[in-house]
Amino acid sequence: MGGGIPVAVLNSGEKIPLIGMGTASATPLPGDLPISPFITAMEMGYRHFDTAALYGSEAPLGQAIAQALQQGVIKSRDELFITSKLWCTDGHHDRVLPALKKTLERLQLEYIDLYLIHWPMSMKPGEVKFDFSKEDILPMDLKAVWEAMEECHRLGLVKSIGVSNFSCKKLSQLLANAKIPPAVNQVEMNPGWHQRKLRDFCKENGIHVSAWSPLGANGAPWGSPAVMENPVLKEIAAAKGKSIAQVALRWIHQQGVSVIVKSFNKERMKANLEIFGWEFSEEELQKISQIPQYRGFSGEVFVSLDGPFKSIEDLWDEAS
């Protein structure tokens, strides 16, 4: 792995760069997403790219990788760490391998480094899209789906397998039957949503935590200014001569968590990499630990009286 970004070793033995570039967009991307931001990111030193069947960004990312190799921006495919995710409509035992093969085709790759179950539920097979109807939501046969994920791993199509948005309870259910434990749980985490209990559980079970929405999804329809306008973070940023975003990302990094950052703005892409070589004092960490905690993405869209999750508490396994 190049790029000078520190890595963590996963329980699969693979190394994950601790900063990844996210490719999701608040509004699903058109098929003609420019590939240039991904190439720019590689030139800056980004080596970890996070995509998903849902995002519509697999094909443009694949084109960018091909072009970067051609131009010598990267010397070999092995320098990159590529994560993608299985959408709920393919969350069925016999649909996992075909879904991964489509992902590989779009990315023009022979393998990906990490494949995640995007959400702990299935949906009626159909188009991969976020505007689904509540009737489509089905309980996931986790044991069967995970066996199919393990098969993808055994076939060498993916180096590590994991999950996203899984609670402690759902991880326990998965671990009870897994032959290969999940390497990663990618969840919402930022200074306004610490996920302490979940991180402790993952640590005990050797599961690496990766953070999406590290800045509180500022600007997304469901996002909030809880991070970017937080007075505590503002004060620490001013004292350190850093931006609020850098303070938020550094805090996540200091928790031993990898972070998925998303910006197609060159200055911000560069600034997001400048979170190494400095750290917080105990007093600053203490202040951050007292920031009021709120989950940004409620998951309300997945709650339905006829579905597997009758309430938000059912989805996250937390008391309200």
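1. Helices here (H or I, at least four residues) and strands (E, at least two) are DSSP runs, numbered from the N terminus. Helix α1 is followed by Gly45, whose phi is positive, near 115°. Keep in mind that this is a predicted model, where local features need pLDDT of at least 70, side-chain atom pairs count only at pLDDT 80 or more, and totals for chains, interfaces and linings use all residues. Residues are numbered from 1 along each chain as its sequence is written, and side-chain values use heavy atoms, with hydrogens and water left out.

2. Staying with α1: its buried residues (under 20% relative accessible area; exposed is over 50% and partly exposed in between, with a 1.4 Å probe and protein chains only) are Pro37, Phe38, Ile39, Thr40, Ala41 and Met42. The cover over them includes β3 (19–22), β4 (48–50), α2 (58–71) and α9.

3. On to the rings. Rings of Phe, Tyr and Trp (its six-membered ring) pair if their centres lie within 6.5 Å, with planes under 30 degrees apart called stacked, over 60 edge-to-face and the rest tilted. Searching the whole structure gives eleven aromatic pairs. One of them is Phe38 with Phe264, edge-to-face at 5.9 Å centre to centre and 85° between the planes. This pair links distant parts of the chain, 226 residues apart: Phe38 sits in α1 (residues 36–44), Phe264 in the loop between β12 (258–261) and α9 (266–271). Phe38 is buried at a relative accessible area of 0%, while Phe264 is partly exposed at 37%.

4. Phe132 and Phe302 are a stacked pair, because their ring centres are 5.6 Å apart and their planes at 5°. Here too the pair links distant parts of the chain, 170 residues apart, with Phe132 in the loop between β7 (122–123) and β8 (137–138) and Phe302 in the loop between α10 (282–289) and α11 (312–316). Both Phe132 and Phe302 are buried.

5. Worth a look in the viewer: Arg295 lies over the face of Trp316, 3.7 Å from the ring centre. The criterion is NZ of Lys or CZ of Arg within 6 Å of the ring centre and within 35 degrees of the ring normal.

6. Last, a helix contact. Val232, Leu233, Glu235, Ile236 and Lys240 in α7 meet Glu284, Lys287 and Ile288 in α10, where contact means heavy atoms within 4.5 Å.
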